[in-house]
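Good morning, and thank you for coming.

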Amino acid sequence: MRTKLFLAFALVIFLAILSNIVYKDLIIRDFNDYLLGTEEDRIYWIIASIEGSYMGNEWNMAHLSNSIHWGIMSGFESYVEDPWGNVVISSTEVLSELTPNMLKRMNAFFKLPYGYGEFIWYPLYLEGDEIGRLYIRPLERVGPIPMKEEIFRKRGAKFLALSFLIAGGGALFLSIILTITLSKPIRQLTKSAEDIAKGDFSARAPSQSGKGLIHFSDEIDKLTETFNYMAEALRREDALRKHLTSNIAHELRTPLTIIKGNLEAIEDGIISDPGTVIKNINSEIQRLISLVEGIGDITSAEASFFKKGEPQEVNLKEIVLSITDGMKELIEGKGLSLKTEGPSMNVRTYKDKLLIIFKNLLTNAYRFTPKGGITVNWDACAEDGKNGFYLAIEDTGPGISEENLAKIFERFYKGSESDGSGLGLAIVKELVDVMGGKIYVESAPGSGSRFTIKFTES
Ligand SMILES: Nc1ncnc2c1ncn2[C@@H]1O[C@H](COP(=O)(O)OP(=O)(O)O)[C@@H](O)[C@H]1O
Ligand SMILES: [Mg+2]
C-alpha cells in the first residue's frame, strides 16, 4: 500500500515536471514567435517606405536613403537591387554618409555595419510592376533592448522553476501526508484483524476520527467503525457460544447422573419398585430429548435471521385454533378452562415461526397454571400509523416476580418449579426479533401472566 501510494505520487511529480517542461517550451517559443512577428512587421514597414520612394519611374534617392536609414534604426542591414540586378543603394553606403556622432549613437544599439545570417529578399512593387528587390538581414543587437529580452527569458525560467517547486513540493507533501493518514489506520486494522483471527476477540482498531494534523479519510473512519462493530459482534457471539456450551454440559449432567444412578441400582439388585425406576429413566430421557430439541430450535431460530423467507397471507384465527385444538384435551384434562377470543382475519406473517412462538407460550401457560384457565385473544391493531395484529396468552397461574421477569428470556433460565430446558422463551424472543415484532409480559406474583406479541407491517 505504502509503496503503491509513493509510486502514484512519484507519477504525479513526474507529470508535474513534464507539464512544466512543455509549458516552459511553449512560453519561450511564444515569446520568440512574438519577437519574430514584430521583426516581420518592421520589415513590411521598411518595404512600404522603400516602395514609396519610387516616383515618376525612378528612385528618389534622398527618400530611399531615408528609408534604408530607418531600416538600420529598426535593426536591419539591407540593400536594394533594380530589376536587372544592379545595387541601387545599400545600408553600408547610407552609414558612410552619417555624421560620426550619429554613428556613435547607432553603435550603442547595433553592431555595425554588417548583420548576421543569410540575406532574404522581398520583391518591391509599384502598382503591380516589379521595381526591384530588397535584400535584408538582422543586425546584431547590443545594449538595453536585447538585455531586457534576456531578463524576460530568465525571469520566465525562474518563475517556472518556482511553480514547479511549488507543484512538485506540494505533491510530495501530499503524498507523505496521505501515505501516513491512509496507511497507518489500515495497518492498525490489519493488526486488529490478525489478533481477532488468533482468537483475541477483544482486539479493536483505534478510532481515527479527529486524529492527525490533516484528516480526510472518512471512508477509513467508516471502515474502522464497521470493523469494530463486527469485532464486538464476534466477541458477543463467542461469549454466547461459551455460555451455551457450558450450560448444555451442565444441563446434560443432571439427567445423565439420574439415569446412571437408576441403572446402577438395577445392576446392584437393590430395586424394590422397578416400575418407578423405569418411569424415572424415561422422564430423564424425555428431558434430554427436549433439551436437544430446544438447542436445535434455538440454533435454527438464530439461523433464520439470515434466511427469513417471504411472509405469507394466513388466517390468524385458523393458526390459533390449529394449536389450541391440539392441546384442548390436555388443558381441560388438567381441569383448566381454555377460551379463544378473536375475529377471523387475514394477516401477512411468517406462519411457521408464529406457530412455534404461540405453541411455546401456550405450553408455558398450561404447565405453570395449576388452576383456573387460559385465555387466548387476538385482534388487529395499529402502531405509529402502521397496521398489524396482536396475539395474547393470559393465564391464572402463579405470575412472575419482577426480578425474574428480567431473566425469563435468557437462554437456560428456568424457574425452580420448571422441569423444562429453559430455552422456550429464548426461542420465542429470538423468533419475534427475527420477524420484526415485539413481545410484552404483564405479570405479578399471584395474579397470573399475560404474554402479548405484536407485529406491524414494515
Ligand atoms: N406463563 C407463565 N407463568 C409463570 N411463569 C412462567 C410462565 N412462562 C414462563 N415462566 C417462567 O419463565 C421460565 C422460563 O420459561 P421457558 O424459557 O419457557 O423455560 P421452561 O419452560 O423450559 O422452563 C420458566 O421456567 C418459568 O419460571
Ligand atoms: Mg417453556
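**The nonpolar core and the sheet**

The largest nonpolar core comprises 46 residues, and those with the most contacts inside it are Ile357, Ile374, Val376, Ile393 and Ile453. By such a core I mean a set of buried Ala, Val, Leu, Ile, Met, Phe, Trp, Tyr and Cys residues joined through side-chain atoms within 4.5 Å; buried means under 20% relative accessible area, with a 1.4 Å probe and protein chains only. This is a predicted model, in which local features need pLDDT of at least 70, side-chain atom pairs count only at pLDDT 80 or more, and totals for chains, interfaces and linings use all residues. Residues are numbered from 1 along each chain as its sequence is written, chains are lettered from A and ligands numbered from 1 in the order in which they are written, and side-chain values use heavy atoms, without hydrogens and water.

Which residues does Ile393 touch, leaving aside its neighbours within four places in sequence? Among them are Phe358, Leu361, Ile374, Val376 and Phe451, where contact means heavy atoms within 4.5 Å.

Let me turn to the sheet. Here 5 strands form an open, mixed sheet in the order S8-S10-S11-S13-S12. Strands are DSSP runs of E with at least two residues, numbered from the N terminus, and two of them pair if DSSP finds at least two bridges between them. Strand S8 (337–341) and strand S12 (438–443) each have a single partner strand, so one side of each is left without a neighbour in the sheet. S12 and S13 run antiparallel, joined by 6 bridges, and Val441 stands opposite Phe451 in S13.

Terms used
Buried < 20%, exposed > 50% of the residue type's maximum accessible area, 1.4 Å probe, protein only. Helix = DSSP H or I, 4+ residues; strand = E, 2+ residues; numbered from the N terminus.
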